[in-house]
Amino acid sequence: MANEEEKINETEAAETTESQKETEDQAQEQEAAAEEKELTLEEKYAALEKENAELKDQLLRRAADFDNYRKRMIKEKQDTYDYANASLLADLLDSLDNFDRTVEASATATDVKSVVDGIKMINSNLVKMLEDKYGLTGYGKEGDEFNPDEHEAIGRMEEEGVEKETLKQVYLKGYKLKDKIIRNAKVMVRVPVQGN
């Protein structure tokens, strides 16, 4: 019985504590409402004016930050565009220097073969640099199968014994930058003879 009386007393004490908390919360809410009622219209107006000024200031600062960001991005984009090829051009300067030396040497050269060999060497070095460093590859050789996505046919010739369209002659090599075609090969196409 004593246990039951203790449980009842504990329950009553808990309910009393909750009731006191609710009363205190209500009293605080009433005090806050009273404080709001105590503000005069002029004070409310002044508080709203101050809040409005702060919000305007924040808006102007954010607009200025965004405008500065936009201008910086435009400048960076223009700089990227202006100087995107600087690395490539710097690499091409070696080839230009080699061509200058070849031209100077050709003025006094007695052997044409040495000049031709020099030009071939410059060409192979230039091609190797473009392939290795920039991913530029040439394509299009006589005998390759014709592909309209990669080759631009400037003429077609029918030939006997040909089973499929192939490249008869390559006028201009095609070039790919990595996987993207930047210039189609200009070719003459050999095609099978059409039956009458």
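Four helices and six strands make up the secondary structure of the chain in this predicted model. Along the sequence these elements are arranged as α-α-α-α-β-β-β-β-β-β. The chain comprises 196 residues, of which 13% count as buried. Among contacts with a sequence separation of 6 or more, 62% involve residues 24 or more positions apart.

Helix α3 spans residues 86–108. This helix contains 23 residues and extends 34 Å from its first C-alpha to its last, close to the 33 Å expected at 1.5 Å a residue. A bend of about 25 degrees is found in α3 at L93.

The axis of α3 comes within 10 Å of that of helix α4, formed by residues 112–134, and the two cross at roughly 175 degrees. Because angles over 145 degrees count as roughly antiparallel, α3 is roughly antiparallel to α4. On the α3 side, the contact is made by S87, L88, D91, L92, S95, N98, F99, T102 and S106. The α4 side contributes V115, I119, I122, L126, M129, L130, K133 and Y134. Classified by residue type, the contact of α3 with α4 consists of ten nonpolar, five polar and two charged residues.

Burial within α3 was also examined. D91, S95 and T102 are buried in this helix, and the buried residues of α3 pack against α4. D91, S95 and T102 also belong to the set of α3 residues that make the contact with α4. In an α-helix, residues three or four places apart point the same way, because there are 3.6 residues a turn.

Technical notes. Residues numbered from 1 in each chain as written. Predicted model: local features only at pLDDT ≥ 70, side-chain atom pairs only at ≥ 80, totals over all residues. Heavy atoms only, no water. Axes fitted to C-alpha atoms, helices over the stretch in contact; angles between N-to-C directions. Parallel < 35°, antiparallel > 145°, perpendicular 65-115°, else oblique. Contact = heavy atoms within 4.5 Å. Nonpolar A, V, L, I, M, F, W, Y, C, P; charged D, E, K, R; others polar. Expected span 1.5 Å × (residues − 1). Bend = angle between axes of the 7 residues up to and from the residue. Buried < 20%, exposed > 50% of the residue type's maximum accessible area, 1.4 Å probe, protein only.
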